[in-house]
Protein chains: 2
Amino acid sequence: MNAEIIAVGSELLLGQIVNTNARFISQQLAELGINVYYHTVVGDNPQRLKDAIEIAESRSNLIIFTGGLGPTKDDLTKETIARHLNKQLIMDEQALKQIELYFERSNRIMTENNKKQAIILEDSQVLPNEHGMAPGMLLDTDNHLYMLLPGPPKEMEPMFLKYGYSILRTKLHDEDVIVSRVLRFFGIGEAMLETEIEDLIDSQSNPTIAPLASDGEVTLRLTAKHNQKETALQLLDETEEAILSRVGHYFYGYDDTSLMNETVKLLNDKALTISCAESLTGGMFQQEITSIPGASAILKGGVVCYTNEVKTNVLNISKKTIEEEGVVSAQCALELAENVSKMMNADIGISFTGVAGPDQLEGKTIGTVYIGIFINGQPIHVEELNFGGTRESIRARSVKYGCYLLIKSLKRNQSAK
Amino acid sequence: MNAEIIAVGSELLLGQIVNTNARFISQQLAELGINVYYHTVVGDNPQRLKDAIEIAESRSNLIIFTGGLGPTKDDLTKETIARHLNKQLIMDEQALKQIELYFERSNRIMTENNKKQAIILEDSQVLPNEHGMAPGMLLDTDNHLYMLLPGPPKEMEPMFLKYGYSILRTKLHDEDVIVSRVLRFFGIGEAMLETEIEDLIDSQSNPTIAPLASDGEVTLRLTAKHNQKETALQLLDETEEAILSRVGHYFYGYDDTSLMNETVKLLNDKALTISCAESLTGGMFQQEITSIPGASAILKGGVVCYTNEVKTNVLNISKKTIEEEGVVSAQCALELAENVSKMMNADIGISFTGVAGPDQLEGKTIGTVYIGIFINGQPIHVEELNFGGTRESIRARSVKYGCYLLIKSLKRNQSAK
């Protein structure tokens, strides 16, 4: 079964809203093992919608519509489909009752055009709308399966999950289970990662391996299919093992985790507290760590030391270091990490100093960054990095790299014990 | 000119990412007065991409592609277009140099497949990529205009704004000048704002007035069109004046500014330095202020005081305050603001303390926030706020509100002088 998702609404073509519905439905269909070959967005125009339907019919057998089921004149999805397929539009008494009830409950007056929402395509199966008024519909002709869903995600998503998903499973007669897993990597580029596992990508069809790069990270999504769930999981395990045997050094976590999440988990596991001195990152590391609920158990606090004055007067960086090495230096990074950990009475101190731009600093080029790590009274690591990109991406990469180095340091520390 | 936007990438059809590029480009084209009739998403499959191109050619004369310009094998947008239009692919030396430079700067090893990104369509105009590697392209045939843009929004958006937009304007030979202006408001809801200016919205067609709410702010986009630029601007001025005479109290700036931007501008104008003590915001205020280039002239630094220990030991909050009032209190907010300004030797201290969740604190409900402001040795303001929403939105609203209060305080101070 091949699917196409058609979103109807001029507000999408004007850029007023993003088509998150297509994403949601695509995820669900991927889980069902249904290939989605196209997304289409078309405005509230009957001729162009009709054209889009004809194109979709020529290339897909499942066509899912979102939007255009509302009460106003420019909502015309079901009307256009009805004309196109020579179907009548009939009032659905059940749906009408639900709409009347909705108005009664919310103490509002029902206008005539609201009744329009209870009109459905003849021969279609109603998908009840439990979070709004317009019901969904499913129409099965000989050649195609048409599913009509409302546009607002708050109505569409629960409707699809409760009714759409299981209907599709039944139609598929699918006994297969689909499982997927995302492997996350840091410190290696997409091209390099793909080169390392090129033969695996080329030879695998079950699981499939899909790489994706964003914000300095690379992920691999593995998706396996089998009529036994255990076997599907085993297929994932085997492929994961083959991949990690080559690039495991850069692997840091699964699925929706992040480097900061893994850092917080590790610190919690080891019952270690942390503090941070931030120059170029200006609070970004701490902002991110505190965005994770429960950070208060591990983050004591820290200092944003944006000026040399604060570095010397508040964090006691020695004049010698600043004069001889500069604030953008390995020595300064180490002192910042040490002194902030003492000031905050924390097990760990991490520091960020560097040049985010727009100007050079101390003759160092934009993108030069030093990260210092101090654990339990010992300088553990200092790293010099050179990032390209904008001011914001230099800062964001620095924070990610800081997490990466912390994770490496803590794991190395562990294996040394 | 009618446009279609084709996004290329299986990750979109798998629901791994949302097609925000289509939204961005649609907004830009709407501003240019170009009708967008369709969005299409197609996977990394040459035959299906070719089919999508042919359909687009039959119904649109401007076709904008996003994605599929990367280094890996499944990136095939330009290859497919080349084959379809019988164009050669040629190495662009300028683009190659930029890619080599990118690797040199970031100290990474360039693999052979990265070179692929410097290959362009013959007869096309290169749109330089200033935030990544793959250049964009513009190809003008007799019947169609093809624009190829990279997939990552961080690369695509600045490329479109800097090069794509003006090229399209030239191609349009549009004699009418379109000018637009965004008015930004804080402290008033969208419904309330619309009610206040309902008659203006209903009666205006040039300029048009488009309200949009997001993240606690409301914006109005005014767009005017005239063959004389001066007249178009005058139309904007008149409408702006009419709007601000009613809701000017909540207005804080134009276009792409932000509350933080306006704060930084004001502090720079007044040559005042600032420092910050952040409890619930965990560094977010400082992270945002330092995201603005030139922040080093005004931000001295600050303290993230996530634990009571740091509040007492580092920021000297009195035991009496913590015991009698609690850390989530007006008194604590004022002391934090005062003490951080002294510690950092800054003209201004601003503090954030409150409950972001997931748990209550000191019996105070989630969303309770105190913001303290201390200017030139004087407590200027303390505000108790109650926000709804998630942990992250409570934090983000707090930071915005902090800026809003600072701006109000500084402007009030000024008029008092």
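**Aromatic pairs and charges over rings**

Guide: A:Phe387 and A:Tyr401 are both buried in this predicted model. The centres of the A:Phe387 and A:Tyr401 rings are 6.0 Å apart and the planes stand at 55 degrees, so this pair is tilted; an angle over 60 would be needed to count as edge-to-face. A:Phe387 belongs to the loop between strand E17 (378-386) and helix H16 (391-416) of chain A, while A:Tyr401 is part of helix H16 itself. The two residues are 14 residues apart, and their pair links distant parts of the chain.

Over all chains, the structure holds 17 aromatic pairs. Among them is an edge-to-face pair of A:Phe24 and A:Phe160, with 6.4 Å from centre to centre and 85 degrees between the planes. Because A:Phe24 lies in helix H2 (residues 20-32) and A:Phe160 in helix H7 (residues 153-172), both of chain A, this contact ties together parts that are 136 residues apart in sequence. A:Phe24 and A:Phe160 are both buried.

Charged side chains also sit over aromatic rings. B:Arg48 lies over the face of A:Tyr37, 3.5 Å from the ring centre, so here the arginine belongs to chain B and the ring to chain A. Within chain B, B:Arg59 lies over the face of B:Tyr38, at 3.5 Å from the ring centre.

Methods
Residues are numbered from 1 along each chain as its sequence is written. Chains are lettered from A and ligands numbered from 1 in the order in which they are written. This is a predicted model: local features need pLDDT of at least 70, side-chain atom pairs count only at pLDDT 80 or more; totals for chains, interfaces and linings use all residues. Side-chain values use heavy atoms; hydrogens and water are left out. Rings of Phe, Tyr and Trp (its six-membered ring) pair if their centres lie within 6.5 Å; planes under 30 degrees apart count as stacked, over 60 as edge-to-face and the rest as tilted. Helices (H or I, at least four residues) and strands (E, at least two) are DSSP runs, numbered from the N terminus. Buried means under 20% relative accessible area, exposed over 50%, partly exposed in between (1.4 Å probe, protein chains only). A charge sits over a ring if NZ of Lys or CZ of Arg is within 6 Å of the ring centre and within 35 degrees of the ring normal.
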